[in-house]
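My notes follow in the order I looked things up.

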2 protein chains.
Amino acid sequence: MPDTILDRCKQNGLRMTGQRKIIAQVLDLAKDHPAVEELHARAHAQDSKISLATVYRTVKTLEACGILEKVEFRDGRARYEAAGRAHHDHLIDVDTGKVIEFVDPEIEALQDKIATKLGYRLTGHRLELFGVKITSE
Amino acid sequence: MPDTILDRCKQNGLRMTGQRKIIAQVLDLAKDHPAVEELHARAHAQDSKISLATVYRTVKTLEACGILEKVEFRDGRARYEAAGRAHHDHLIDVDTGKVIEFVDPEIEALQDKIATKLGYRLTGHRLELFGVKITSE
DNA sequence: GTAGTTGCAAATCATTTGCCCGGTC
DNA sequence: GACCGGGCAAATGATTTGCAACTAC
């Protein structure tokens, strides 16, 4: 079982204030991909003293530490997810906005192969598939 | 040789004003992926009467017509490229910001297969690889 | 004790829009 | 000539920042 966000913050020597603890917990519990505004709403529910600016500052700090990864879908808002988990990609339901995570070893290998062929070593990648549910019509 | 942006605008029954002609030409000549601000700079160089708002309105119109596709890299600015060309993906040089386009039939097929396995029919996709140039060290 | 954090409000940045004028079909 | 498109400046939405008060280490 991987460390919690809180653990990883401590490992990075971050000063753990009350608001950071709450934000870390919200992130740990989030099974979806909440935008910053949504993170703030959840954190604010635990402690009404947490400001939106603090949430923005915190996710930015955690991203800089490599604890979070920023993902941007098509709605102009940034979302964050825990980094360092097994790599995975996203399939986005264009009707509902629902995000489905998946991993496919074949496609991972292919991405590396392509980059190498082009003379590059990958430092990151992002694959987003947009689609509609197949209905048995 | 595919139609020019101007041709495709006419085919879509768009009213071709002077500013739209210039913007279409700038887009045809662009071999890179200029952000809107940059498109405006180039168009403005041809006719100093073209406003930024017009460029925004024009790219949005062309996107709605399926003439352009919006691509968003990691700097928060929207970029556009001609749609309807052969599908391709992007490799972004993390040191220089340079964008390399590539196509790989294997990865295209795999994307479809994965979506189908998950119960979806693809309506769009985006693959961005971030990497550093391999130097013969 | 002190440097790192926070809240609040004002500032930025990219993008959009209202309004009224001008040009295209 | 009607209607769409354009310029300008003000509005918007997401995110950032200056500053003074606060707090974890």
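I started with α2(A) and helix α4 (residues 52-64) of chain A, which pack at an angle of about 70 degrees. Their axes are 11 Å apart. This is a predicted model, so I read every value as computed. Angles of 65 to 115 degrees count as roughly perpendicular, so α2(A) and α4(A) are roughly perpendicular to each other. I noted the handedness of the α2(A) and α4(A) crossing as right-handed.

Next I listed who makes the contact. From α2(A) I found A:Gln19, A:Arg20, A:Ile23 and A:Leu27. From α4(A) I found A:Thr54, A:Val55, A:Thr58, A:Thr61 and A:Leu62. I sorted the residues of the α2(A) contact with α4(A) by class and got four nonpolar, four polar and one charged.

I then turned to helix α2 (residues 18-29) of chain A against helix α3 (residues 36-46) of chain A. Their axes come within 9 Å and cross at roughly 120 degrees.

On the α2(A) side I recorded A:Ile22, A:Ile23, A:Gln25, A:Val26 and A:Leu27. They meet A:Leu39, A:Arg42, A:Ala43 and A:Gln46 in α3(A). By class, I have six nonpolar, two polar and one charged in the contact of α2(A) with α3(A). I see A:Ile23 and A:Leu27 listed in the contact with α3(A) and also in the one with α4(A).

**Chain A against chain B**

I moved on to the interface. I have 32 residues of chain A in contact with 33 residues of chain B. The two chains bury about 3,300 Å² between them, and 62% of that is on carbon and sulfur atoms.

**Salt bridges**

I searched the whole structure and got 16 salt bridges over all chains. Across the interface of chain A and chain B the rule finds six. I looked up two of the pairs. A:Lys113 forms a salt bridge with B:Glu106, with the closest N and O atoms 3.9 Å apart. A:Lys113 lies in helix α5 (residues 105-117) of chain A and B:Glu106 in helix α5 (residues 105-117) of chain B, so this pair joins two chains. A:Glu106 forms a salt bridge with B:Lys113, and there too I read 3.9 Å between the closest N and O atoms.

Key:
Residues numbered from 1 in each chain as written. Chains lettered and ligands numbered in written order. Predicted model: local features only at pLDDT ≥ 70, side-chain atom pairs only at ≥ 80, totals over all residues. Heavy atoms only, no water. Axes fitted to C-alpha atoms, helices over the stretch in contact; angles between N-to-C directions. Helix = DSSP H or I, 4+ residues; strand = E, 2+ residues; numbered from the N terminus. Contact = heavy atoms within 4.5 Å. Nonpolar A, V, L, I, M, F, W, Y, C, P; charged D, E, K, R; others polar. Buried area = accessible area lost by both parts, 1.4 Å probe. Salt bridge = Lys/Arg side-chain N within 4 Å of Asp/Glu carboxyl O. Parallel < 35°, antiparallel > 145°, perpendicular 65-115°, else oblique. Left-handed = near helix turned anticlockwise from the far one by under 90°.
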